[in-house]
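Dear colleague,

Please find below the structure that I am handing over to you. My notes on what was found in it follow directly after.

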Amino acid sequence: MGEPNLQEIHDFLVGLAQQAGKMIVSANPSSVDTKKNSSDLVTETDKAVEDLVSSSLESRYPNYSFLGEETAQSGRLTDEPTFIVDPIDGTTNFVHAHPYISISLAFAHQQKPLVGVVYNPFTQHLYTAIQGQGAYLTAPKIPSSFPSEGEKVESTYERRRLPLRSPPPPLPDLSSAQIAVEYGNERNGDNWDTKINTFSALGRAKSLDGAMVQSVRSLGSAALNMCSVARGDIDVYWEGGCWAWDVAAGWVVVEEAGGLVVGGNRGEWAPKVDGRRYLVLRAGAGKELVEEFWGKIQGKLVYDDTD
């Protein structure tokens, strides 16, 4: 087995994402099941999309491994060349007809994500990245004027390098930041307490030893949160409880956009893709901001591959 052709893999994943996107936008998520609890949902469309992706990848790349959300026995990566797939990242949004979901497709080798494709079929925003070649957003181009009555409207797309603002503006401290966080589906225990107490510390006034961040966002999709960091409109994203399939594609997009991925606990400068806790910063944010954020974490996030 020779060295992976990353450009070929990238192009194949883009085509798969667009094919799966057509399946998603035409689906009606009427059959909804729960996995861990009522906040952890799965639909027939999740399963159908993963079946489509896995069978296509197995046919094209029979010697490569596959790690998918709906079929994985554990969330652990190996050193083998591996496709890492979340068929619908943001299933709760999908069930509620909230158009912020994504297909997250990544390729990793020796546990390092090398190719990332994240596609929101509702907004038609396509994020792509190959290690060493930059990160890009391809999206419908906004027309400069309204069409005349009876004029045919044709969709045109533009491809822009990330981050969208170049050079990215500096980010001196958290009080200047718009951050993203998520509840996740673990709603009790030590990790829940760490999250809730940290959310409070991030929002609290500085006079009360808080960070007083400017604003908090929650897109309901880890992959889209990470791509927003890569774009530059989210400054920092803190996450605990996700899996490799949630973050692997976005990881490549963030790093290729000049951003940084570290661990979700203090001192974790070299996180693993399957480590399940992450702190993601946009281009222009330095290591001092990492230390400031870590200093506001109230406890420690601890996960294994069976939670």
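Cys227 has a relative accessibility of 0% and therefore counts as buried, the limit being under 20%. Please bear in mind that this is a predicted model. The buried residues of H5 are Ala222, Ala223, Leu224, Asn225, Met226, Cys227, Ser228, Val229 and Ala230. Just after the helix, Gly232 adopts a positive phi of about 110 degrees.

Does Cys227 have a sulfur close enough for a bond, or is the closest one too far? The closest cysteine sulfur is that of Cys242, and it lies 13 Å away, which is too far for a bond. Cys242 is buried as well, because its relative accessibility is 9%. A disulfide is a covalent bond between the sulfur atoms of two cysteines. With a limit of 2.5 Å between the sulfur atoms, the count of disulfides comes to 0.

The chain as a whole may be described next. It contains 7 helices and 14 strands. Its radius of gyration is 19 Å, close to the 19 Å that the globule rule gives for 307 residues, so the chain is as compact as a globular protein of that length. Along the principal axes, the C-alpha trace spans about 55 × 50 × 45 Å. Buried residues account for 50% of the 307 residues. Of the contacts between residues at least 6 apart in sequence, 65% join residues at least 24 apart. The accessible surface amounts to about 14,400 Å², and carbon and sulfur atoms contribute 47% of it.

S13 and S14 run antiparallel and are joined by 4 bridges; Val261 has Val280 of S14 as its bridge partner.

Leaving aside neighbours within four places in sequence, Gly264 is in contact with Trp238, Arg277, Tyr278, Leu279, Trp294, Ile297 and Leu301. Trp294 is 30 residues from Gly264 in sequence, yet their C-alpha atoms are 7.8 Å apart in space.

Glu268 lies in the loop between strand S13 (260-263) and strand S14 (277-281). Is Glu268 buried or exposed? Its relative accessible area is 18%, and because buried means under 20%, Glu268 is buried. Apart from neighbours within four places in sequence, Glu268 is in contact with Val262, Gly263, Arg277 and Trp294.

Strand S7 (residues 125-130) has 5 of its 6 residues buried, so it is largely enclosed by the rest of the structure. Strand S6 (residues 112-120) pairs with S7 in the antiparallel sense over 6 bridges, and Val118 has Tyr127 of S7 as its bridge partner. The hairpin of S6 and S7 has 4 residues between the strands, and in it Gln124 takes a positive phi near 60 degrees.

S7 also pairs with strand S8 (residues 135-140), again in the antiparallel sense, over 4 bridges. Here the bridge partner of Ala129 is Ala135 in S8. In the hairpin of S7 and S8, which has 4 residues between the strands, Gly132 takes a positive phi near 85 degrees.

With kind regards

Conventions: Residues numbered from 1 in each chain as written. Predicted model: local features only at pLDDT ≥ 70, side-chain atom pairs only at ≥ 80, totals over all residues. Heavy atoms only, no water. Helix = DSSP H or I, 4+ residues; strand = E, 2+ residues; numbered from the N terminus. Buried < 20%, exposed > 50% of the residue type's maximum accessible area, 1.4 Å probe, protein only. Contact = heavy atoms within 4.5 Å. Pairing = 2+ DSSP bridges. Rg over C-alpha atoms; globule rule 2.2 N^0.38 Å. Areas by Shrake-Rupley, 256 points an atom, 1.4 Å probe, with all protein chains shown as cover.
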